[in-house]
Structures are given as structure tokens and as C-alpha cells.
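Hi,

Here is the structure I promised to pass on. My notes follow directly below it.

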Amino acid sequence: MKIGLLGYGKMGKTIENIALNRQHDIALKVDKDTESYNLDGIDVAIDFSTPDAAVDNILKCFSHNVPVISGTTGWLQHYDEVIALCKEREGSFLYASNFSLGVNIFFELNKTLSKLMANLPEYTISMEEIHHTQKLDAPSGTAISLAEDIIKNSKYGTWTLDAAKPKELYIDAKRIADVPGTHEVTYKSSVDTISIKHTAHNREGFALGAVIAAEWIAGKKGVFTMKDVLNIG
Ligand SMILES: NC(=O)C1=CN([C@@H]2O[C@H](COP(=O)(O)OP(=O)(O)OC[C@H]3O[C@@H](n4cnc5c(N)ncnc54)[C@H](OP(=O)(O)O)[C@@H]3O)[C@@H](O)[C@H]2O)C=CC1
Ligand SMILES: O=C(O)C1=N[C@H](C(=O)O)C[C@H](O)C1
């Protein structure tokens with residue numbers, strides 16, 4: 001498969017190694033200095049760029065009829081318009097806030113736990129996410145996905161980064177050098193604490209999931225999620 005890497009930073013380079021090991025060609029590498037790029041002959045594009053660049057990259061793939069998967073976070077205020085354009089242009093698109101198998105299992109655990117806790121208002125829920133200091137967005141896309149699933153089954157109407165808003169689900173977004181990505185959800189009452197936690201040890205799980213998703217979407221049309229790829233949940 002000929003892969004185009006839209007974004008060739010920490011994730012783009014990790015994806016390149018895994019894709020080459022799985023016998024794919026990296027036919028295009030795009031970074032901030034790329035003035036324009038040509039998608040001719042690309043089977044699937046993989047976007048791990050920046051919050052400001054992701055939407056343009058994705059729309060360009062729709063225009064050139066190239067299936068695209070995106071792991072870039074921090075652009076979700078445009079998600080609905082991107083999906084509408086994908087459908088209008090009969091494109092192929094998959095966004096995941098986190099491509100790792102472990103986090104996708106963690107998403108399912110989080111949903112199950114939130115349903116079990118739905119009628120127990122004595123528990124206060126909070127979240128913590130920790131990432132490296134180069135990360136541009138906060139909270140992480142993964143934390144937003146977890147929060148949205150918790151909110152559906154809780155008294156909270158929205159999430160917040162402000163600990164002084166007790167009616168909202170608090171996400172403590174910490175930035176510490178070299179941390180690839182840690183997420184924890186905690187339910188606390190006066191008598192006990194329940195918590196679930198996922199810790200990424202490196203970026204390889206994210207990158208392998210992205211390459212598996214790229215292999216899966218090749219030749220398909222539509223809007224997909226990692227649940228379609230992994231057949232879980
Ligand atoms: N969904 C998931 O599983 C995961 C998602 N992420 C997300 O992926 C994104 C990238 O992460 P990471 O690789 O760590 O970040 P990096 O900062 O290491 O890489 C970003 C890359 O995007 C490039 N870039 C900047 N502008 C453009 C543009 N207009 N078009 C194409 N590329 C551009 C940068 O170029 P230059 O090098 O020249 O600056 C750089 O190569 C982030 O949003 C992050 O949150 C990260 C890990 C897992
Ligand atoms: O920027 C990162 O590094 C990561 N970003 C994703 C997110 O925002 O959730 C996924 C992962 O946690 C690493």
C-alpha cells in the first residue's frame with residue numbers, strides 16, 4: 001500500500017517505521033515546510049499534524065478521492081462540517097482520538113463503569129491526563145472522548161479544566177517532559193475510591209493502531225471509527 005504521511009513529527013516517524021515493517025511504501029511525507037503536495041497514487045493518507053493543519057489536510061484528501069485517517073487532536077470544533085463534507089463527496093474518513101488497542105479497550109471499560117456508577121450520586125468523578133510538554137492542546141482528545149462517555153451517564157453537563165467548577169466534570173491536564181500519554185478516571189466518595197487508568201509506555205501502540213486502521217480503510221467508502229476496525233464495544 002502507498003501511504004501518505006500528513007505530518008512527519010513524533011507520530012509520523014513512528015508510523016513510518018511500523019508501516020515499513022508491514023511492507024508498505026511511504027510515498028509522501030508532509031510537514032510544516034511543505035508548500036504544496038500531490039496525492040496522486042496514494043492509497044491511504046494518515047494525518048498526524050497539528051490542530052490548525054488537520055482540517056485542510058483532510059479536505060484535500062476528500063477532493064482527491066484518497067481515504068484518510070486522522071489522529072490529530074484539537075480540531076474537533078470542525079468535526080461535524082468535516083463529516084458532512086465527507087458524505088457529500090462520498091469520501092472515506094476515520095478519526096480516532098486514540099488509535100491504541102489498549103485505549104480502545106479502556107474506552108469500553110470507562111463506558112461500563114460510568115453506567116454502573118450512574119445512580120450513585122455520592123461519588124464525585126474527576127479525570128487526570130498527563131502528556132509531554134510539546135503537546136499543543138488541552139485537554140487531550142482521549143480525555144475528551146472519555147469525558148463525553150462519562151457525561152452521558154452522570155449529573156455533569158460538560159467537562160472543565162477549572163477545578164473551581166464543581167458542577168462540571170473536572171479534567172486535570174498535566175504537562176510533564178517525555179510522558180507519551182496517561183489517562184485516569186476516578187470516582188471518589190467519603191468511604192472509598194474507584195479508579196481506572198491507562199498508561200502508554202511509548203508511541204508504538206498509537207502508531208500500530210493507525211497503520212491497522214489505514215490497512216482496514218483502503219478501498220472502503222464512508223465515515224468510520226476504531227470500533228469498526230477493532231470490532232469491539
Ligand atoms: N490519535 C492518536 O492515537 C494520537 C494522536 N496524537 C495527535 O497527533 C498530532 C501529532 O502529534 P505528534 O506527532 O506528537 O506532533 P509533532 O509536533 O511531533 O508533529 C506534528 C507534525 O505536523 C507537521 N505539520 C505542521 N503543519 C503542518 C501542515 N500544515 N501539514 C502537515 N503537517 C504539518 C509538523 O511539521 P514540522 O515538523 O515541520 O513542525 C510536524 O511534522 C497531535 O495532534 C497529537 O495530539 C498523538 C499521538 C497519538
Ligand atoms: O499529543 C499526544 O502525544 C497524544 N495525543 C492524543 C490525545 O490528545 O489524546 C493521544 C495520546 O494520548 C497522545
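Over residues 102-230 the chain is 35% helix and 26% strand, and the end C-alpha atoms sit 11 Å apart. Helices (H or I, at least four residues) and strands (E, at least two) are DSSP runs, numbered from the N terminus. UniProt lists residues 102-230, in an unreviewed entry, as "domain: Dihydrodipicolinate reductase C-terminal". Such annotations may be inferred rather than shown by experiment; positions are in the numbering used here, and feature names are shortened.

Conventions, briefly. This is a predicted model: local features need pLDDT of at least 70, side-chain atom pairs count only at pLDDT 80 or more, and totals for chains, interfaces and linings use all residues. Residues are numbered from 1 along each chain as its sequence is written, chains are lettered from A and ligands numbered from 1 in the order written, and side-chain values use heavy atoms, without hydrogens or water.

Next, α5 (residues 141-151). Of its 11 residues, 10 are buried (under 20% relative accessible area, 1.4 Å probe, protein chains only). Among them are Gly-141, Ile-144 and Asp-149. Their cover includes α4 (101-116), β6 (124-131) and β8 (169-175), by contact (heavy atoms within 4.5 Å).

Now ligand 1. It is surrounded by 22 residues (a heavy atom within 4 Å). Lys-10, Met-11, Thr-73, Phe-99 and Lys-135 are the closest. A ligand 1 oxygen lies 2.8 Å from Met-11. Another pairing puts a ligand 1 oxygen 3.0 Å from Lys-32. Ser-97 lies 3.0 Å from a ligand 1 nitrogen. Taken alone, ligand 1 exposes 930 Å², and the protein buries 79% of that (Shrake-Rupley, 1.4 Å probe).

Best wishes

Definitions and conventions: Buried means under 20% relative accessible area, exposed over 50%, partly exposed in between (1.4 Å probe, protein chains only). A polar contact is a pair of N or O atoms within 3.5 Å; within protein, one must be able to donate a hydrogen and the other to accept it, and residues adjacent in sequence count only if both atoms are side-chain atoms.
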